[in-house]
Every structure is written in structure tokens, then in C-alpha cells.
Amino acid sequence: MINLEWSKLPFGYRKTDYNIRCYFRDGKWGELEVSSSEYLNLHISATALHYGQEAFEGMKAYRGKDGKIRLFRWEENFKRMERSAHGVYMQPVPKEIFKEAIDKAVLLNEQYVPPHGTGAALYIRPLLIGSGAEIGVKPANEYLFAVFVTPVGPYFKEGFNPVKIAVVRDSDRAAPLGTGDIKVGGNYASSLRGVIKAKEAGYGSPMYLDSKEKKYIDEIGAANFFAIKDNTYITPKSSSILPSITNMSIMQLAEDMGIKVERRQIDIEELETFDEVGACGTAAIISPIGEIYDIDKDKRYTFCKDGKPGPISKKIYNKLVAIQYGDEPDPHGWVSFVK
Ligand SMILES: *Cc1c(COP(=O)(O)O)cnc(C)c1O
């Protein structure tokens, strides 16, 4: 294993040894190719570059105490990528190719899978792009599926601490019947104005409201939103949010703990009534939120008044992370091994 300061690694790109590629050409998927180049050789007129035919996934490989490498609910990432492919008219990747490419990318870069106990993990980025040349607006006839990996440190270097969020109202991430519910690059491009606006105001991430009425909570940056009130876990139901696998897992764990789960519209004014609020996704798993500032209305909602995350958020976070690293039993069969 190479020697890195695992627990200090940022959530950023670091070169590893190999990545995997597979092309769809002439109506069929080819063989997996192993590459040690960090670059793709792409046609200048590829649809991914001009018309946004692109989808990706984000997942992590975790090393357990036993040294074994674990994946968390990879089939859900596969299904979501299939939905994303359909959503922007790309050729979906067959399940076997998806899994084989991930296993290969992880195993060939095994020396970058962080040791257990460092809080670090190997981030896995599968990506599917239209690689065929077109000028008219239509789907490509060639696709590239690629997988690369990069080691990432624990999201919170100083421990599990509350973050600050700013509500942005002058740009939308996604439309009600647009592509907000699939994981495509275009959503990220249109979220950047909000991200920068929040950062410039001194906040970590933006909160997006539903784009039609600007009344209901949609998402926090690239993470789902949740709230806790009266032993109930509440998370938005909306056609423009990305179904987070972390959130799906938290809902199950909450139920297991005897916490009621509600998926419904959440009016932003309801923020005043919540005991705990947070964001969830693969990168941080859970980010407890300490403050939400509605910039345009100059209104502030505060949580975690003692500066510490709420007890339920903390309990769920600890449980989920323990399952992912193999420190606690996996009652729902979410964990599988890389082989
Ligand atoms: C990827 C993503 C999430 C988090 O999903 P996970 O499956 O939990 O990683 C949430 N929101 C958006 C917009 C995303 O792209």
C-alpha cells in the first residue's frame, strides 16, 4: 500500500494507476479496456461536449477491519445510472459490465484503498458519455462508459460538525419536469451559480427551493435534505430531486430505530419547527446543518444551538458508517465485497 496521510486527504481528485473504459459501437458493447492515461481521446463533435449527453455515479469502496474491500448498495448506483441513461437518451450499460468495471478499477488500484480506521475511502466515479459525432440535435450512436477511482479523506476533518447553508432564490438547479431526478452533468452546470452565490455570502452550500413556487425545499447543493421533528424523519418529495441512495438507506435505518418516516413536500417556513436538519449523500454521508440563511428574505433559521449535531442525526450517521465499513452487522444485505 502506498503511504498517504489518509485522514488528511481532501475530497478531491488524486491520480491513481489505472482506469477502465468500455465503448458501445456498431450496436454493441465491446471489451473492457484498462488504461493508465488520465485522458480520453474524444471526437471534437461528440454529443457529450455539445449537447450534454453525460451521466455519472458516485460511490465509495470501504476497507474493513478484516482488510476486505466493501461496496455499499452498488446495484442501486447501477439502476440509477440506467435511469439517467434513459433520461438523456443514452445507451445504458449492462449490469455485468458496470460491476466488472468497478471491481477492476478498485482491484487494480488496491493500494489506494485507505486502511480501516482512517475515515477515508476510495471514491469511485463511473461515467457514461455520448462519444459519437453529431451536429444535428439527436442522440449519439457511440457511447463510452468509463470508471476511475480516487482516494478521499473523511469529509469532516475536525469531526462531525454542523455546516451553514444559504437559500438561493435567483437561480434554479432543475425544473419540475426536467432532469433533476437523474444524475447528469447538466444539473451540476446549472447549480454552479447557486453554489458560488452561497460561497460568496460565506456559506458552505446553497439550498434550492422548488423552481415552480419557490415555496418547498428541494435539495442542498448536491445532497438531499432531511429534518427531524417529534421522532419523525421528514424528507422532501419532489419530481426535481435526485433520489439519494444514502437517503434511502437512512429512511430504512430510521424505521429500524422506531423513528417514523415521512416523504412529503416541506414548506420552507416549516424550518422554524424542526429539531434537527441535515443534508445527506455519499460524500459526507450526513452533514448536520447549524444554520440556514435565506439571503433574499434576510431570514435566519438556527439549529444545533450548542454547536453540536442533533442526537438522532448522530445516531443514524454512526450506524450507517459502521455498516459501510463492516464494523456492525448488515441486516439488509447492503454490503458486498469486491472480487
Ligand atoms: C449524487 C447526488 C445526491 C446524493 O446521492 P447519493 O446516492 O446518496 O450519493 C444528492 N443530490 C444530487 C443532486 C446528487 O447528484
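A polar side-chain atom of Arg80 lies 2.8 Å from an oxygen atom of the ligand. Welcome to this predicted model, in which local features need pLDDT of at least 70 and side-chain atom pairs count only at pLDDT 80 or more, while totals for chains, interfaces and linings use all residues. Residues are numbered from 1 along each chain as its sequence is written, and side-chain values use heavy atoms, leaving out hydrogens and water.

**Around the ligand**

- The ligand is surrounded by 14 residues, and the closest are Lys183, Tyr188, Ser244, Thr246 and Thr282; a residue counts as near if one of its heavy atoms lies within 4 Å.
- An N or O atom in the side chain of Thr246 is 2.6 Å from an oxygen atom of the ligand.
- A polar backbone atom of Ala222 sits 3.4 Å from a nitrogen atom of the ligand.
- On its own the ligand exposes 380 Å², and the protein buries 97% of that (areas by the Shrake-Rupley method with a 1.4 Å probe).
- By class, the shell holds five nonpolar, five polar and four charged residues, with Gly counted as polar.

**Two domains**

- An automatic or database assignment divides the chain into domain 1 (6-152) and domain 2 (163-324).
- Taken over C-alpha atoms, the domain centres are 26 Å apart.
- Domain 1 brings 20 residues to the contact and domain 2 brings 19 residues, where contact means heavy atoms within 4.5 Å.
- Together the domains bury about 1,600 Å², 62% of it on carbon and sulfur atoms; this is the accessible area (1.4 Å probe) lost on being put together, summed over both.
- Phe56, Phe72 and Arg80 supply 35% of the area that domain 1 buries against domain 2, more than any other three residues.

**Around Ser336**

- Ser336 belongs to strand E18 (residues 335-337).
- Leaving aside neighbours within four places in sequence, Ser336 is in contact with Ile69, Arg70, Leu71 and Trp74.

Note on methods
Polar contact = N/O pair within 3.5 Å; in protein donor to acceptor, adjacent residues only side chain to side chain. Buried area = accessible area lost by both parts, 1.4 Å probe. Helix = DSSP H or I, 4+ residues; strand = E, 2+ residues; numbered from the N terminus.
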